[in-house]
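Have a look at the sequence and the fold, then read on.

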Amino acid sequence: MGLVTKVIRYLGLLLWWLLLPEAIASVESDNLEGIRSETVGGDIQPERPKSFQRVTRLDSSIRSDMRYASDQNFVGRPIAGYLAPVCYLANPAALALVEVHQELLAQGYGLIVFDCYRPERATNDFVQWALTREAAQKTHYFPRTDKSELFAKGYIARHSGHSRGATVDVGLYRLQFDPAAASGKASNGVCRRRFAEDRAAGLLDFGSDYDCFDRLSQTAHPDLSEVAKQNRQRLVNAMAAKGFVNYDQEWWHFTFQPEPYPTVYFDFPITED
Ligand SMILES: [Zn+2]
C-alpha cells in the first residue's frame, strides 16, 4: 500500500471516529423532532400530551418527593424543566403504577415516587453539569465514583428512558409506623446521609439512599443488611407483577413494558396543570 493510500485511509478512519457521536446524536434527535411534532407541531412551548396522567391524582395515597424539582439531588439545585414537583407518566404506566400501589396497600406498604417523566431538557442539564468540575454534592451522591465516570458507569446518560414517559424511580413507605421509634436512628456510612430523615418519614431502608451513584445501589448487591435485601425484593416483586422491569444498577429505577412510546423523547416542562 502506498503512503498516500495509507494517509487517506488514516484520515478517513479519523473522520469516521470524530463524526460517530454526531451520527448517533442525530439519530436520537430525530426522535426529539418526532416528539415536538407530536405535541404542538414545533412550538417552542410544547404541551403535555393528553395520554400523560398525573399519578397522584389517580391515587392520592401515592406519596411523592420529586427530588429534581428541589435542591435535594446530586446537582444541588432544581433541574431544568422541573417547574413543579409533579409525577407524570404515560397512561398505561400510570395505571399500572396505581395497581402496584394498591397491591402494596394490602400488604401494609405504599409507593413513594422520586422521579417520573423527565423532560429532555433536564437530561441536557445533567449532561452540561457533568462536563463541569462542580461537585458540591459528591460526598452524598457519588462518594466512591469519580465525576468523570458518571457517564461510563451509566449513572448519567445523554438521553434518559424517563423522557419516554414510562420509567419511574420509586421507594416504599410503611402505612403503620411510629415516628418516635424511628427518631434518633442514625447511620453513618456510604450513601446514608438521608437515613434518619427517611426513616422518620416512614420510608423503608433500601441500604442506600435514592440516587446514590454507588455499587451499593445495585439491586442485588450482596453487601446489604437482610432488611435492605428484603425491602428491595418486595419492591422488585411488586413492580414486576404489573409489568415494570428493574434496572439492575439502581434499586429504585423501573420501566413499564411494553413501553407506550419506545422511541419518543418528550420535552414539555413539568408544571402543576
Ligand atoms: Zn430512574
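Which residues have the most contacts inside the largest nonpolar core? They are L89, L97, L111, V113 and V170, and the core they belong to has 60 residues. A nonpolar core here is a set of buried Ala, Val, Leu, Ile, Met, Phe, Trp, Tyr and Cys residues joined through C-beta atoms within 7 Å. Buried means that 20 or more other C-beta atoms lie within 10 Å of a residue's own; with 12 or fewer the residue is exposed, and in between it is partly exposed, with C-beta atoms placed from the backbone.

Two notes before going further. This is a predicted model, where local features need pLDDT of at least 70 and side-chain atom pairs count only at pLDDT 80 or more, while totals for chains, interfaces and linings use all residues. Residues are numbered from 1 along each chain as its sequence is written.

The largest share, 7 residues, comes from α3. Helices (H or I, at least four residues) and strands (E, at least two) are DSSP runs, numbered from the N terminus. The protein has 8 helices and 7 strands.

As a general background point, nonpolar side chains in soluble globular proteins tend to be buried together. Of the 273 residues of this protein, 35% count as buried.

Leaving out residues up to four places away in sequence, V170 touches L111, I112, V113, F114, L235, W252 and F254. Touching, or being in contact, means that the two C-beta atoms, placed from the backbone, lie within 7 Å. Among contacts between residues at least 6 apart in sequence, 74% join residues at least 24 apart.

**The sheet and the helix across it**

Five strands make an open sheet in the order β2-β4-β5-β7-β6, with mixed pairing. Two strands pair if DSSP finds at least two bridges between them. At the edges sit β2 (63–64) and β6 (244–247), each pairing on one side only. β4 and β5 run antiparallel to each other, paired over 6 bridges, and I112 has G171 in β5 as its bridge partner.

Now for α3, which lies across β4, β5, β6 and β7 and runs at about 145° to β4. For that angle, axes are lines fitted to C-alpha atoms, for helices over the stretch in contact, and angles run from 0 to 180 degrees between N-to-C directions. The helix has 17 residues and reaches 25 Å from first C-alpha to last, close to the 24 Å expected at 1.5 Å a residue; the expected span is 1.5 Å times one less than the number of residues. Its buried residues are A93, A94, A96, L97, V98, V100, H101 and L104. After α3 comes G108, with a positive phi near 95°.

In α4, the buried residues are E120, A122, T123 and F126. Seen down the axis of α4, they fall within an arc of 160°, so they line one face of the helix. The arc is that of the directions from the helix axis to the C-beta atoms.

**Loops worth a look**

| Residue | Phi | Place |

C191 counts as buried because it has 24 C-beta neighbours inside 10 Å. D211 counts as buried too, with 25 such neighbours.

Setting aside residues up to four places away, R118 touches T123, S160, H162 and S163. R118 and A80 are 38 residues apart in sequence and 9.7 Å apart in space, C-alpha to C-alpha.

R193, in the loop between α6 and α7, is partly exposed, with 18 other C-beta atoms within 10 Å. Apart from neighbours within four places in sequence, R193 is in contact with H140 and D209.

One last stop is the segment after β7, where P258 is found. The peptide bond from Q257 to P258 is cis, with omega near -5°.
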